[in-house]
Amino acid sequence: MRTLKPNIDAVGAIDWDRRLFDELIPLPNGTSYNAYLVRGSEKTALIDTVDPEQWSDLAANLDRLDVKTIDYVVAQHGEQDHSGSIARVREDYGGGQVVTNPKCKGMLMDLLCLGDDCFTTVDDGQSLSLGDKTLQFIYTPWVHWPETMCTYVPEAKILFSCDFFGSHIASSFLFVDNEAVAYESAKRYYAEIMMPFRQIIKKNIEKLSPLAVDMIAPSHGFVYDRPDFITEAYQNWISDTVKNEVIIPYTSMHGSTRKMVEFFTTALMERGITVRVFDLAQSDLGQIAMAMVDAATIVIGTSTCLVGAHPNAAYAAFVTNALRPKARFASIIGSYGWGSKMVEQLTGMMGNLKVELLDPVVVKGYPKEDDFRALASLADTIQKKHCEAGIGP
Ligand code: FEO
């Protein structure tokens with residue numbers, strides 16, 4: 001239990017040991033499920049709950065504050081890492097109403113089998129008085145699901161933002177203690193969770209901008225008592241600006257593609273381009289996603305496997321397509337033994353990307369002189385494209 005402001009406390013759980021989220025996203029630093037207790041002069045509200053696995057931590061924190069009754073459980077988001085303990089809270093703390101928007105209500109009825117009579121629904125902008133404190137609900141769709149909303153307490157100038165502005169990190173610090181660590185965690189979280197919704201995030205940030213905010217309190221990771229720290233980072237990540245960077249996720253079965261990647265990396269570096277190379281057989285998906293936040297160009301490197309792309313490369317293409325990074329250019333390099341349809345296959349998998357496809361370099365066997373010339377030519381093209389985009393050296 002940790003205090004944000006008088007009668008506003010963080011009562012959620014720190015999950016030090018979790019290493020995977022959604023059976024997909026690596027959590028090298030654990031995570032937290034932040035729930036917030038807001039005690040007004042007349043009513044008490046709990047904003048979000050915790051993953052059901054961590055229910056006992058939430059209950060212990062509520063008991064420390066000697067909470068007997070919770071009048072309202074605000075569900076800002078239907079996903080179970082925040083909503084999953086709602087039924088337990090209602091059961092043990094007086095059966096308060098679940099306050100949420102109609103879309104989230106439908107999800108919670110589907111996901112948690114809660115009955116219709118549990119809910120009080122609120123409109124966008126609607127307020128709920130707790131006495132000397134007010135909860136104002138602001139719909140912010142697609143951060144992370146379509147029903148997501150934020151809650152603002154004007155008397156305390158705190159914005160509770162659920163997944164929005166969150167970070168997967170377990171820390172005993174409530175507020176940011178090390179900005180470099182907080183930035184890295186928030187960027188990783190943005191890359192893995194929020195990047196597909198970049199355009200709508202712009203609208204949500206604009207919608208929230210008139211609020212006077214002293215603190216942003218997400219439901220994962222640190223609370224920001226200097227809100228500009230995270231809003232400025234987001235402005236940067238969601239902007240249309242790309243950097244003079246090439247990301248090369250690759251996989252190589254017998255070394256031919258690796259040789260191509262090594263040559264190509266050097267060629268790009270010699271042209272003043274920042275390169276981030278990831279061997280897909282052993283890389284952290286979060287690191288790859290983070291590199292995609294800023295890069296102007298993505299080049300997938302792959303061996304041919306059963307005439308198509310190697311499954312590791314197909315996975316990278318699938319994830320890239322889902323994350324929708326703002327890259328402007330893409331290409332494919334790799335090797336084959338007797339035949340390959342990997343270019344058609346991979347490009348077919350990345351239809352969401354608004355990129356110009358630069359001529360791939362696909363070689364038979366180990367790369368030879370002509371192949372290195374083709375790779376150098378691709379590096380020249382990338383340098384030229386970056387310069388034309390105003391980001392070259
Ligand atoms: Fe932290 Fe979308 O749940």
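In the predicted model, strand β8 (residues 44–47) pairs with strand β9 (residues 72–74) in the parallel sense, over three bridges. Within this pair, Ala 45 has Tyr 72 of β9 as its bridge partner. Both strands belong to an open sheet of seven strands. The strand order is β1-β2-β7-β8-β9-β10-β11, and the pairing is mixed. The edges are formed by β1 (2–5) and β11 (119–121). Each edge strand has a single partner, so one side of each is left without a neighbour in the sheet. From one strand to the next, the twist averages 25°. Helix α4 (residues 102–112) lies across β10 (97–100) and β11. The helix runs at about 130° to β10.

The protein chain is divided into two parts: domain 1 (2–238) and domain 2 (246–387). Their C-alpha centres lie 38 Å apart. Eleven residues from domain 1 and twelve residues from domain 2 take part in the contact. On the side of domain 1 that touches domain 2, β5 (25–26) and α5 (179–194) are the elements that give two or more residues. The most comes from α5, with five residues.

The buried residues of α12 are Asp 371, Leu 375, Leu 378, Ala 379, Ile 382, Gln 383 and His 386. These residues lie on the same side of α12, because they cover an arc of only 140° around the axis. Several elements cover them, including β17 (243–251), α8 (256–270), β19 (295–305), β21 (329–336) and β23 (361–364). The face of α12 turned away from the buried side carries exposed residues: Glu 369, Asp 370, Arg 373 and Glu 388. Gly 390 follows α12 and has a positive phi, near 80°.

Glu 344 counts as exposed because it has 11 C-beta neighbours inside 10 Å, and the cut-off for exposed residues is 12 or fewer. In sequence, Glu 344 and Ala 309 are 35 residues apart. In space, the C-alpha atoms of Glu 344 and Ala 309 are 9.5 Å apart.

Note on methods:
Residues are numbered from 1 along each chain as its sequence is written. This is a predicted model: local features need pLDDT of at least 70, side-chain atom pairs count only at pLDDT 80 or more; totals for chains, interfaces and linings use all residues. Two strands pair if DSSP finds at least two bridges between them. Helices (H or I, at least four residues) and strands (E, at least two) are DSSP runs, numbered from the N terminus. Axes are lines fitted to C-alpha atoms, for helices over the stretch in contact, and angles run from 0 to 180 degrees between N-to-C directions. Two residues are in contact if their C-beta atoms, placed from the backbone, lie within 7 Å. A residue is buried if 20 or more other C-beta atoms lie within 10 Å of its own, exposed if 12 or fewer, and partly exposed in between; C-beta atoms are placed from the backbone. The arc is that of the directions from the helix axis to the C-beta atoms. Domain bounds come from an automatic or database domain assignment.
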